[in-house]
Amino acid sequence: MKKRIIAIERQYASGGREIGKRLSQRLGIPYYDGQLLLIAAEKYGLNPGEVKDNDEKINRSFLYSVAAAVENFQGSDRGTLPYRIYQAQSETIRRLAMEGPCIFIGRCAGELLRESGKCLNVFIYASSMEKRRERANRVDQIPMADVDRYIRMKDKQRRDYCKQYTNREWGNLMNYDLCLNSSELGYDTCVELIEKAF
């Protein structure tokens with residue numbers, strides 16, 4: 001069956017978002033990343049600020065755990081804000097995937113669409129920590145003194161998010177059709193390889 005969707009998961013500061021944008025321009029198909037949050041928030045009546053604050057994160061605070069436990073006890077285990085945000089994003093991803101070919105960045109899109117047989121699941125990583133540091137500093141203005149800690153935190157958030165909502169291991173090559181090292185291949189070669197696989 002011909003693939004219609006490209007889902008890109010990525011290490012933080014590996015350039016996965018940039019690769020997705022370039023691929024979108026090259027293929028002439030829509031690209032969804034942060035704007036997916038706004039679409040979901042608008043459609044499902046969620047506060048866009050809260051949606052953004054909970055993007056690709058799970059909440060482990062003590063107060064959140066107590067609130068979730070109370071909701072679970074009351075029989076409403078799926079009513080917490082992070083779960084409602086995930087559900088809204090999931091439904092938005094499925095709807096957009098039905099509309100035609102497109103590219104999704106993150107948000108477990110590959111797992112959500114795996115059963116459709118129409119999704120090419122890609123993982124972008126970067127073996128060069130130096131390149132990741134430079135990108136985090138240049139693109140997100142993370143101070144060099146904090147950049148290693150920030151990179152580890154972002155990757156952990158993505159790993160935990162994936163485990164929480166899909167019970168799959170983020171970054172495990174067995175969960176992807178294609179894994180590419182952007183620091184060795186470069187963005188343009190990654191784009192070409194994904195296009196060929198697509």
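**Buried positions and cores**

Author: In this predicted model, N121 counts as buried, at 4% relative accessibility.

Reader: In which strand is the place of N121, and with which residues is N121 in contact, leaving aside its neighbours within four places in sequence?

Author: N121 has its place in strand 4. Once the neighbours within four places in sequence are left aside, the residues in contact with N121 are A7, G110, R114, N175, Y176, D177 and L178.

Reader: How many disulfides does the structure hold, and how far from C119 is the nearest cysteine sulfur?

Author: The structure holds 0 disulfides. A disulfide needs two cysteine sulfur atoms within 2.5 Å, and for C119, which is in no disulfide, the nearest cysteine sulfur belongs to C102, at a distance of 8.6 Å.

Reader: Is C119 buried or exposed?

Author: The cut-off for a buried residue is under 20% relative accessible area. Because its relative accessibility is 6%, C119 counts as buried.

Reader: Which element gives the most residues to the largest nonpolar core?

Author: That core has 22 residues, of which I5, Y32, L36, Y86, I93, F104 and L113 touch the most other members. Among the elements that give two or more residues to this core are strand 1 (5–10), strand 3 (102–105) and helix 8 (147–166). The element that gives the most, with 5 residues, is helix 5.

Reader: Leaving aside neighbours within four places in sequence, with which residues is Y32 in contact?

Author: Y32 is one of the residues that touch the most other members of the largest nonpolar core. With its neighbours within four places in sequence left aside, Y32 is in contact with I39, L96, C102, I103, F104 and I105.

How values were computed
Residues numbered from 1 in each chain as written. Predicted model: local features only at pLDDT ≥ 70, side-chain atom pairs only at ≥ 80, totals over all residues. Heavy atoms only, no water. Buried < 20%, exposed > 50% of the residue type's maximum accessible area, 1.4 Å probe, protein only. Core = buried A, V, L, I, M, F, W, Y, C linked by side-chain atoms within 4.5 Å. Helix = DSSP H or I, 4+ residues; strand = E, 2+ residues; numbered from the N terminus. Contact = heavy atoms within 4.5 Å.
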